[in-house]
Amino acid sequence: PPGHPPPHGGGGAAKSSATVSRNLNRFSTFVKSGGEAFVLGEASGFVKDGDKLCVVLGPRGPEWQENPYPFQCSIEDPTKQTKFKGMKSYIAYKLVPSHTGQQVHRRYKHFDWLYGRLAEKFPVISVPHLPEKQATGRFEEDFISKRRKGLAWWMDHMCSHPVLAQCDAFQHFLTCPSTDEKAWKQGKRKAEKDEMVGANFFLTISVPTGPGASLDLQEVESQVDGFKAFTKKMDESALQLNHTANEFARKQVTGFKKEYQKVGHSFKCLSQAFELDQQAFSAGLNQAIAFTAEAYDAIGDLFADQPRQDLDPVMDLLALYQGHLANFPDIIHVQKGALTKVKESKRHVEEGKMELQKAEGIQERCNIISFATLAEINHFHKIRVRDFKSQMQHFLQQQILFFQKVTQKLEEALHKYDSV
């Protein structure tokens, strides 16, 4: 980028030959994210007030500073729209952000563009993944409503993140009028020209200062290692739960329904056999058994409809979290890379190959990455507890309602025998 000093100044050539070495693997995330350039002091840019991001010390350690103006955004069922006089049709989602109250329409490709910008801009933030874009049969009702639910979760996580929620590209995405093509292009270009990405992104982070504010490297390392073990375990169990829920749902829709209806059919056959006896006093029994048969038939249908009420929402949530869990190895890698540079620089100082001041600069910048990483980890846990609490409550409430419906059917059937 223009205005950046050359990586190694000409002065003190003898000393600079022993700078902290650059990573040989130029494709590592630490390098690609700009983390390395930042730690080595090669990033320089002017940080506008609007770009500043604050990490503060909360009760559980570093946290992103709360968004002072929290908002939500609803996503309504999409509508099919056409352009080129009906030659091309596409799906557009209606978004209504609570802080403007103005609805805008966005296509999936707009979501996709935004995701790409943010994933590039924020190396230590887990940008939620979008639900998959499925090209074939994309106007099928089921798929569209499933994708809308995925996008709703995605939107919830975007709005809940203090940094992502306030970032310019996201605000442009939420507020630019759908009809103003020119304004959309301007905002898009502005976001694409944003210089505070990669290495420069780290310049925008301000962290607590003063006595007791700098983080202990050993402690940071053990916290990050602990989180790494946590994500691995959570990923395995989410995969397992997803597989189990999927199987369970499949069995309910096909197997359970069929079994209950088989029972219903058998009762029906029994009542038909009984009907061959034409005496008046047995008519009530025949009707009651026929009613029982219908009840079992209806219970079969209830089982088939149930997964979309309780298991599907759990799987939607797991899908979103699997995206986050896939993001964390890279975030952890950037943090690890920074710690390694600090250790190297300390060694160089001891060997007299580097000035103390330079090593302190490296340590200070690593401290910034540590604060941001720990803030992100804290945010993840906070949202995770919130989400899984509400999803488990919803799941159990739906299960209870379901079994109440089943019980009601059985009770209705039972009462039919009272008058026999």
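Buried means under 20% relative accessible area, exposed means over 50%, and partly exposed lies in between, with a 1.4 Å probe and protein chains only.

**Entry 1: ground rules.** I noted that this is a predicted model, in which local features need pLDDT of at least 70 and side-chain atom pairs count only at pLDDT 80 or more, while totals for chains, interfaces and linings use all residues. Residues are numbered from 1 along each chain as its sequence is written, and side-chain values use heavy atoms, with hydrogens and water left out.

**Entry 2: the sheet.** I looked up the strands, which like the helices are DSSP runs numbered from the N terminus (strands: E, at least two residues; helices: H or I, at least four). Two strands pair if DSSP finds at least two bridges between them. An open sheet of three strands came up, in the order β3-β4-β5 and with antiparallel pairing. Its edge strands are β3 (73–83) and β5 (104–107), each of which pairs on one side only. From one strand to the next, the twist averages 35 degrees.

I then went through the pairings. Nine bridges join β3 to β4 (residues 88–97) in the antiparallel sense, and T82 stands opposite S89 in β4. Between β4 and β5 there are four bridges, also antiparallel; here L95 stands opposite V104 in β5. The hairpin of β4 and β5 has six residues between the strands, and G101 there takes a positive phi near 70 degrees.

**Entry 3: helices across the sheet.** For contact I used heavy atoms within 4.5 Å. Axes are lines fitted to C-alpha atoms, for helices over the stretch in contact, and angles run from 0 to 180 degrees between N-to-C directions. Helix α4 (residues 108–121) lies across β3, β4 and β5, at about 80 degrees to β5. Helix α7 (residues 168–175) also lies across β3, β4 and β5, and runs at about 115 degrees to β5.

**Entry 4: salt bridges.** I counted a salt bridge where a side-chain nitrogen of Lys or Arg is within 4 Å of a carboxyl oxygen of Asp or Glu. The count comes to 21 salt bridges.

Which residue forms a salt bridge with K341? The partner is E36, with the closest N and O atoms 3.9 Å apart. This pair links distant parts of the chain, K341 being in helix α12 (residues 311–350) and E36 in helix α3 (residues 35–39), 305 residues apart. K341 is buried, at a relative accessible area of 1%, and E36 is buried as well, at 2%.

D194 forms a salt bridge with K121, the closest N and O atoms being 2.9 Å apart. D194 sits in the loop between α8 (181–193) and α9 (199–203), and K121 in helix α4, 73 residues apart. Is D194 buried or partly exposed? D194 counts as partly exposed because its relative accessibility is 24%, whereas K121, at 13%, counts as buried.

D225 and K336 meet through their side chains in a salt bridge of 2.5 Å, N to O. D225 is in helix α10 and K336 in helix α12, 111 residues apart. D225 is partly exposed, with a relative accessible area of 35%. I also logged a network of salt bridges that links D156, R386 and D387.
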